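Please open the structure in your viewer and keep the selection tool at hand.

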Amino acid sequence: MPTFEIGEHDFLLDGQPHQVLSGALHYFRVHPDLWADRIRSARLMGLNTIETYVAWNVHAPTPDVFDTTGPRDLGRFLDLVAAEGMHAIVRPGPYICAEWDNGGFPAWLFAMPGVGVRRNEPTYMKAVQQYLEHVLPIVAERQVTRGGPVIAVQVENEYGAYGDDKDYLRALVAINRAQGIDVPLLTCDQADDAMLERGGLPELHRTATFGSRTAERLEILRRHQPTGPLMCMEFWCGWFDHWGAHHHTTDAAASAADLDALLAAGGSVNIYMVHGGTNAGFTNGANDKGVYQPTVTSYDYDAPIAEDGTRTAKYDAFREVLGRYTPLADETAPTRRPAPALTVPQGRTVDLWTAVAGLDGWVDAHDVPTHDQVGAAHGFVLHRTHVDLDAPAVLAFGEVRDRAQVFLDGRQVGVVDRSERATSITLPAGAARLDVLVEDQGRVNYGPRIGEPKGLIGPATLGGAPLTGWRVLPVDVDAIAAAPGLASDAPATHAPLPGPSFTVYEADLPVADLFVSTRGWGKGVVWVNGTSLGRYWSKGPQTTLYAPGPLVTGRGDRVVVLELLGAPDGALHLVDAPDLGHTEH
């Protein structure tokens, strides 16, 4: 059977020196009908390997479920890599970061009493072992040593930036080996002396992450990996975006020159990302280093293969470099052609209050509960009570995670936004129904705030006195948007409603990749035929949402828009190209 080993100077494939030319492609960020296309485009660029994380929370929505069907079929994804004649590197975490919600950790993990994540703590390790016992057999049977594509598995992820529990790393090694992983085990850390020391073990092969100053970073890595091949596990060729900031791009020629320097030094590479894909639904993560910054829906990453699968100038520049180190196919990936542009007439609209009326799932609570306490792993929770004020008073919370819209009798009073470090709002005098709609805009994926509860963090006070007696509803907007009768009795109208509303557009759409324009809208979510494309926000930078062609049927297609600031006024516009915002290198 084939072998893949770590030699004194090189990776060895069947005993021969082998330079790993890999690209990151996360199956959970790409429609499964497009996996084969994206893998093939990576091969045509000159790569011989595909790397993917495994996101625990993608597969395990609850502790007793582990789903590997459809878009979660890791085995099928790896089989498609093999069918393209490529190898695979798998990084199952359990922590992945990846600008993904909660760094890949399921929200329910943090509800376990006494759990201590990313360390050798019994409750956490029991959950991790159960997770890896599901994942690793899928990987093990597809190792190169068994005729499959997998040549290496990574243990944890940039652990040196978080902790230094060597017993934790050794426990992960033991689980991997017990589950039949016999290919090399790797670690990756930033090219920093302290992080490389904390994040590795002598029995694990260290790799580094960087995107520039190649010679300097390889020298740092060599200090901690005295023998064996040098590898950049994340060659950062782009970056991710936050709402309200610019769209990141990197210079294609400069990135190609850094890639060339790495390969010329004999190093192996994993380009992060070769194809970024999309943070569809509510899967985006967030950062909080003093200011909360949620990640946008597009994970285009300024990668060589764009979000819609087309090749970019960076693809061509990288392909030219890779051609100096490996034979290239004559064929290359396609360039972008204009997508179908059309206008769908004004749809039918129903306000949120009507949509949630009569829904089951309301719970009574004395004090405001968090999202986690009512079982909402993501999305929206509605808190309701009544107030009767003789004079204006301040409604305040301990903390808002992450954005609370405040309504009196269905009319918005204002917004309390975590990004602005706000925790309070003034209510006018009068008696009214008080509604607080709280959006989890993405769980933090990096640093010490991973796993923090979402939603309203108590106490809630009004005029300085405790405000109690709440009715609370986790709002399953995916289910509402998919309901066949949503807005069926509502007239098509050009008059915007004053609060959150669902608008349904129906048309026979072209069966092709489409770009939904969100210009002129406020903030919300879009679904095509029941599948969420993700969030939009007028703060930008992106003003389009990508709808993969496989979502479209061409007959009676249905687009639903949840607009949080009032119903969209007018038609739905599909445009011919993506707009990810103004750029800054």
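Select Cys97, Glu99, Trp239, Phe240 and Tyr446: of the 20 residues that line the second largest pocket of this predicted model, these lie nearest its centre. Strand S10 (231-236) and strand S13 (286-288) are the elements that give two or more residues to this lining. The second largest pocket holds about 350 Å³ of space. Colouring its lining by class will show 10 nonpolar, 5 polar and 5 charged residues.

Next, move to the largest pocket, where about 1200 Å³ of space lies. Select Arg72, Ala280, Gly281, Phe282 and Thr283, which are the closest to its centre among the 44 residues of the lining. Helix H2 (56-59) and strand S30 (531-537) each supply at least two residues here, and S30 gives the most, with 3 residues. By class, the lining of the largest pocket comprises 23 nonpolar, 13 polar and 8 charged residues.

The tour now turns to charged pairs. Side chains of opposite charge can pair when their charged atoms come close. The model contains 35 salt bridges.

Select glutamate 203 and arginine 170, whose closest N and O atoms are 3.9 Å apart in a salt bridge. Glutamate 203 is in the loop between helix H6 (193-198) and strand S9 (205-210), while arginine 170 is in helix H5 (residues 166-178), 33 residues apart. Are these two side chains buried or partly exposed? Glutamate 203 is partly exposed, with a relative accessible area of 49%, and arginine 170 is likewise partly exposed, at 39%.

Now centre the view on arginine 418, which counts as buried at 6% relative accessibility. Its side chain meets that of aspartate 402 in a salt bridge of 2.7 Å, N to O. Aspartate 402 lies in the loop between strand S19 (393-401) and strand S20 (403-408), and arginine 418 in the loop between strand S21 (411-417) and strand S22 (424-427), so the pair ties together parts that are 16 residues apart in sequence. Aspartate 402 is buried, with a relative accessible area of 0%.

Methods. Residues numbered from 1 in each chain as written. Predicted model: local features only at pLDDT ≥ 70, side-chain atom pairs only at ≥ 80, totals over all residues. Heavy atoms only, no water. 1 Å grid on protein atoms, 1.4 Å probe; cavity = no way out; pocket = protein on both sides within 12 Å on 5 of 7 lines; lining within 4 Å. Points joined across faces, edges and corners; volume = space filled by probe spheres on them. Helix = DSSP H or I, 4+ residues; strand = E, 2+ residues; numbered from the N terminus. Nonpolar A, V, L, I, M, F, W, Y, C, P; charged D, E, K, R; others polar. Salt bridge = Lys/Arg side-chain N within 4 Å of Asp/Glu carboxyl O. Buried < 20%, exposed > 50% of the residue type's maximum accessible area, 1.4 Å probe, protein only.
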